[in-house]
Amino acid sequence: MTKKDKETSASRKEFITEAEEILEALTTDIQNLEKGVKKNAVKPELINTIFRQFHSLKGISGMVGFERISTFTHELESTLDRLRLGKLELTESAVDVLFQALDVLNRMVSEVGTSDEGQIDPSVVLQKINALSSGESTTLQSAFSELNLDEQTLKSFTEYEEHRL
């Protein structure tokens, strides 16, 4: 085994260890998110935490060259961003899709470094994520129309300000 092969093997092992820790934390946090949705009491900090965990997993997988994992987690990160900005409604079906995505990620991480690498197909879950996004909330526009604001004022709002309104 060459020095480069040893370094590659070590970076794969380090990635797997770090990814498994993130996935374990995600599992707990998504379970808590599910409880919050059922009680209609979701804490925004929890959605932010889940967003950051997907962001971290995207970053480390991209750094070590696992583009499939990085691309998949990028889609999840984008979905969580829309959830935390109120563009998507947080429903039980949205949480279910997050659990399905978590399952796919666990399997993708497990296959890293094996001869089966690249066999897990996330396309079904990606379609479900995209379906969530196609139903983005339109309540924002109707809320603004009730405020009777002029067009120039509406254009000046940042995304954060829109969400806070």
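How close do the axes of helix H4 (residues 92-110) and helix H5 (residues 123-134) come, and at what angle do they cross? Select both helices. In this predicted model, their axes come within 10 Å and cross at roughly 155°. Angles over 145 degrees count as roughly antiparallel. H4 and H5 are therefore roughly antiparallel to each other. The crossing in which H4 passes H5 is left-handed.

**The whole chain**

Now zoom out and colour by secondary structure. The protein has eight helices and zero strands. Along the sequence the pattern reads α-α-α-α-α-α-α-α. Of the 165 residues in the protein, 32% are buried.

**Helix H2**

Select residues 44-63, which form helix H2.

Next, show the side chains of the buried residues of H2. They are Leu46, Ile47, Ile50, Phe51, Gln53, Phe54, Leu57, Lys58, Ile60 and Ser61. Look at how they are spaced along the helix. An α-helix has 3.6 residues a turn, so residues three or four places apart point the same way.

Arg84 lies over the face of Phe51, at 3.7 Å from the ring centre.

Then step past the end of the helix. Gly65 follows H2, and its phi is positive, near 90°.

**The aromatic pair**

How many aromatic pairs are there? The count comes to one. Select Phe15 and Phe66 to see it. A pair of aromatic rings is described by the distance of the centres and the angle of the planes. Here the ring centres are 4.8 Å apart and the planes stand at 40°, so the pair is tilted.

Phe15 lies in helix H1 (residues 3-38), while Phe66 is in the loop between H2 and helix H3 (67-84), so the pair ties together parts that are 51 residues apart in sequence.

The relative accessible area of Phe66 is 8%.

**Helix H3 and its neighbours**

Select H2 and H3 together. Their axes come within 8 Å and cross at roughly 160°. That makes H2 roughly antiparallel to H3. H2 passes H3 in a left-handed crossing.

H3 and H4 pack with their axes 11 Å apart, at an angle of about 160°. H3 and H4 are therefore roughly antiparallel to each other. Their crossing is left-handed.

While H3 is on screen, pick out Arg68, which is found in this helix. Arg68 counts as partly exposed, at 36% relative accessibility. Arg68 and Ile120 are 52 residues apart along the chain, and 9.7 Å separates their C-alpha atoms.

**Inside helix H4**

Which residues of H4 are buried? Show Ala94, Val95, Val97, Leu98, Ala101, Leu102, Val104, Leu105, Met108 and Val109.

**Two loops**

Move to the loop between H1 and H2, where Asn40 is placed. Asn40 is not a glycine, yet its phi is positive, about 55°. Asn40 is exposed, with a relative accessible area of 72%.

Thr91 counts as partly exposed, at 24% relative accessibility. Thr91 and Asn40 are 51 residues apart in sequence, but 9.5 Å apart in space, C-alpha to C-alpha. Draw that distance in the viewer, and the tour is done.

Terms used: Residues are numbered from 1 along each chain as its sequence is written. This is a predicted model: local features need pLDDT of at least 70, side-chain atom pairs count only at pLDDT 80 or more; totals for chains, interfaces and linings use all residues. Side-chain values use heavy atoms; hydrogens and water are left out. Helices (H or I, at least four residues) and strands (E, at least two) are DSSP runs, numbered from the N terminus. The expected span of a helix is 1.5 Å times one less than its number of residues. Buried means under 20% relative accessible area, exposed over 50%, partly exposed in between (1.4 Å probe, protein chains only). Rings of Phe, Tyr and Trp (its six-membered ring) pair if their centres lie within 6.5 Å; planes under 30 degrees apart count as stacked, over 60 as edge-to-face and the rest as tilted. A charge sits over a ring if NZ of Lys or CZ of Arg is within 6 Å of the ring centre and within 35 degrees of the ring normal. Axes are lines fitted to C-alpha atoms, for helices over the stretch in contact, and angles run from 0 to 180 degrees between N-to-C directions. Angles under 35 degrees count as roughly parallel, over 145 as roughly antiparallel, 65 to 115 as roughly perpendicular and the rest as oblique. A crossing is left-handed if the near helix is turned anticlockwise from the far one by less than a right angle, and right-handed if clockwise.
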